[in-house]
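Have the model open while you read.

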Amino acid sequence: MFKKSAPKINAPKSEIIDTTESWTLLFTAIQQIFSNECSNLSYEELYRTAYDLVQQRHGESLYDNVLECLKYRVNTIVKRILKPLKDGDHGLLRDVTTEWENYSLAVGMISNVMMYLNRTVVLNNPDDYSPISALGFILFRENAIKGSEVGDRTRRQVLQLIQKERDGETVDKMLIKGSVNMLNKLSCYEQELEGPFLTSSSNYYANLSQSLVDASSVPEYLRIVKTKLKEEAFRVQYYLLDPTKQKIEQIISEEMITNHLGTIMDSTSSGFGIMLRDDKISDLKTQYNIFAINPSHIKELIKKFRSHVASHGLSFVNDEQITKDPTLFIKNLLDLKRKYKHIVKESFDANPLLSTALDEAFRQFADGTVQSRMAEYLSLYLDSLMRSNEQDQDQTLDDVIDMFMYLKDSDVFENYYKTHLSKRLLSSRNMHQTVESQSCTEKVFVTKLKLECGYQFTSKIEGMFNDVRLSRIAMDQFEKTNKSTLGLDFYVNVLTHSFWPTYDPTTLILPHQLKQCCRAFQEHYDSVHNGRRITWQPNLGDGLVIANYPNGSKYELLCTTSQICILDCFNACEANQVWSEEELSSTTGIPIRDIQRQMTPLCSSRHRVIIKDENGYCWNEEFKHASTRLRIAAISTKETTQQVHQTESKIEMDRKPIIEAAIVKIMKSRKTMYDNQLIESVVTILRPTFVPSPIEIKKRVESLVEREFLERDEKEQSLFRYLA
C-alpha cells in the first residue's frame, strides 16, 4: 500500500516591485484608515504589498516609514486636542478618549496589514523593534500623555471630576472610566493617574478628618469613615482599577484613623472603652471592620480590649460589697464574661486573637490570685445552681467550666467541689430517687470536667457517684429483711473513705430509735461484708421529722441529723420548758458553736419553729406556716476565715506527696539534675493541677534527700542525683 502524501502549500513568489509605488500605496491606505475612510480598501492587496516589501529586504525601511506615519498622526491628534478651554469645561476628556478610541482601532487595523512585518523583522530583532500595535501605543503614550499638556489636562480634569463627586455633585462616570481605560491600555495608569489621585485623596481626607474629629462623637466619626470607604470602593468598582482599592483604603485608614487613634481609643465621652462599657455592638463592629484594614490598628484594638477587660474585672473582684454574696459574685462574673464574649462574636467576627485576649484578661483577675477565694465561690455558685433544679443548664455549666479553666490551682476547686457535692449527694430529698435522676446535671458537669482535665482529675468524684449507687443496692437488700422492724424510714450511704472529703469524728448522741436502726444496719453489713469496718458520721445526714401541734396542725420538717437530735430534746420534755445552749450541747453531744449554727434556721423569722429569748430556747406551740412541708436545713454558705485557713492547710498537706511524686518521677528519668532545672520541670508537670512555689519544691527536695531518695553532689551542691 502507498500512503497518500499531504499536499504542500508553497509561499507565493514575489515579483520585483517599485518600492516607492508600494510605499505610496501603503501610506495612502494608512491615511485613509486614520481618517475612517477605509471601506473601499483591499486588505488582501495591502497585506501582499507589505509582504513583497519585506521579502525584497525592505522590511526595515517599511518599519521606519510606518513609525513616521504613526508619530505624525499622534502629533496631529495632540494639536487638534489642544484648544482653549474654559474652567470646568471637560470637553478635553471627551476629545482625548474619542481620539484614543479611533487611534487604537486604526493602529489595530494597520497592525493586521503589517502582520508579516511583525512576524519577521520585529520577531527576529526584539531588542530593536516593537510590534506595530505596541509601537502605536508607545508613541501615543510618550507624545500625547507623558510629560505633555494633554496628559496634564487629562489628569487634572479626571481628578476634578472625582473631587466633585466626593462633594456630592453628579458627574459623567463613563467619561472618567474611558480615560482610565485609556491610561491602563497605555500602561501608565499608575504613574499618570493613580499616584496623583492617591496624593490628592490623602490631602482631602487629612483635611476632612481634622474638621470632623472634634465636631463628632467617636461612633459618628467611625460611621462617616465607613461611608467614605464604601464610596471609594464604589469608585474603584465603577471606573478605577481594582489594585487602587487597597491603596485608597490605606490612605483613608492612615489619615482618618492612624492620625486620630488616640482620640478614637481613649475618648472619655465616646471612645472605645465607653462603647465596650455600653455594649455598642453595632458601633464596635463598624470600628473593627475599619481597623481590619490596617494590622497595626487591630493590634492596638486587641491591646486596648485586653486592658479594658482586665481593668473592669480587677475593679469587680476587688469590690468588697460584691464579694459578700459568693453566688451573686460568680453570677455577675459569668455575666461579665458573656458580655465580652458576645462582643467578640458579634462585633469582632469571633476573631481568635480577640478571643485569646479575652481569656488573657480574665486570667489576670479570675485565676484565684487577686481574689484568693475564687475557687470556693465558684463551687458555691455551682452548689446553688445544682440545688435550683433549673432547666437548660448546659450553657451555664459550660460557662462555669470556662471560669474554672482560669483557676491557677484547680485542686483547690476540687476540694471545695467534693465537699459541696457530698452534701448534695447525701441530701435526704434525693435518698428515694434513683442515682440517674438525682444527679443527671451533676454527671453532665463531671463529664465536662473530665474532657478538660482528664480522667485522673475526676476519678474520685466519679467514685462518689458510684458509692451512692452501691448504697442504693445495699439499702434494698437491708430493707427486705429489716424494714418492718425499724419503725421509721431509715437510709444509710456507705462511703469509700478515699473518695470523699475527710470528716472529723463526731460526738453526736442519736435518739434511741436512730441508734437501733444504726445497730441493725451494722449487723446486716457485717454479715454481708466480712472484715470491713464502718465509721458512722451521723452529722452528715438529714431527715424528715413530723411535728404535731395541739391545734391539730401537722408539719413535715426537713432537718439535718443534728437538728433532729435537738428537736428530740423538746419532744421529750414539757411544752414550756426552756433549754439553754449548754443543756442542749450536753444532751446531744453537739459543740456549743454548732448548736448556735443549727438553731439559727429553726429560730429564723422565716420558720420560727423554736422561740429564742434571753433565757434560752423553747418550743413554739403556736407555730403556723402556709406550707406543710418546710426545709429547715441550711444550704452551703461561705466558709469562715478559720475554716478557710483549715482548708488551705489541708490542701497544702495534700500537695506535699504530689510534689514529691513529681520530683521522683523526673529524677528517675533524668538521673541527675540541677536544682533550677528541677524546679522548672516540677512546675511544668504540675501546672494543670496547681502551681507549687519554688520554696515548697525545695523543701520537698530536702525531705527526699533526708529519706535517701536523692543525694547532693559533693562538689556541686546545686546538683542532685537519683538513688535507685
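Predicted model: local features only at pLDDT ≥ 70, side-chain atom pairs only at ≥ 80, totals over all residues.

β7 and strand β8 (residues 719-722) run antiparallel and are joined by 3 bridges. Strands count as paired here if DSSP finds at least two bridges between them, and helices (H or I, at least four residues) and strands (E, at least two) are DSSP runs, numbered from the N terminus.

Residues are numbered from 1 along each chain as its sequence is written, and side-chain values use heavy atoms, leaving out hydrogens and water.

Zooming out, the open sheet has 3 strands in the order β6-β8-β7, with antiparallel pairing. β6 (672-674) and β7 (710-712) are the edge strands, each pairing on one side only. On average, neighbouring strands of this sheet are turned by 30° against each other, direction ignored.

What lies across β6 and β8? That's helix α29 (residues 675-686), running at about 95° to β6. Helix α30 (residues 694-706) packs on the sheet too, touching β7 and β8, and its direction makes about 100° with that of β7. Contact means heavy atoms within 4.5 Å; axes are lines fitted to C-alpha atoms, for helices over the stretch in contact, and angles run from 0 to 180 degrees between N-to-C directions.

Elsewhere there's a hairpin, which joins β3 to β4 through 2 residues. Strand β3 (residues 610-613) and strand β4 (residues 616-619) run antiparallel with 4 bridges, and Asp613 stands opposite Gly616 in β4.

| Helices | Angle | Axes |
|---|---|---|
| α15 (residues 295-317) and α17 (residues 352-365) | about 30° | 8 Å apart |
| α2 (residues 43-55) and α4 (residues 91-113) | roughly 60° | within 8 Å |

The α2 angle makes α2 oblique to α4, whereas α15 is roughly parallel to α17. Angles under 35 degrees count as roughly parallel, over 145 as roughly antiparallel, 65 to 115 as roughly perpendicular and the rest as oblique.

Between α2 and α4, the contact is made by Tyr43, Leu46, Tyr47 and Ala50 of α2 and Met109, Asn112 and Val113 of α4. By class that's 6 nonpolar, 1 polar and no charged residues. Ala, Val, Leu, Ile, Met, Phe, Trp, Tyr, Cys and Pro count as nonpolar, Asp, Glu, Lys and Arg as charged, and the others, Gly among them, as polar.
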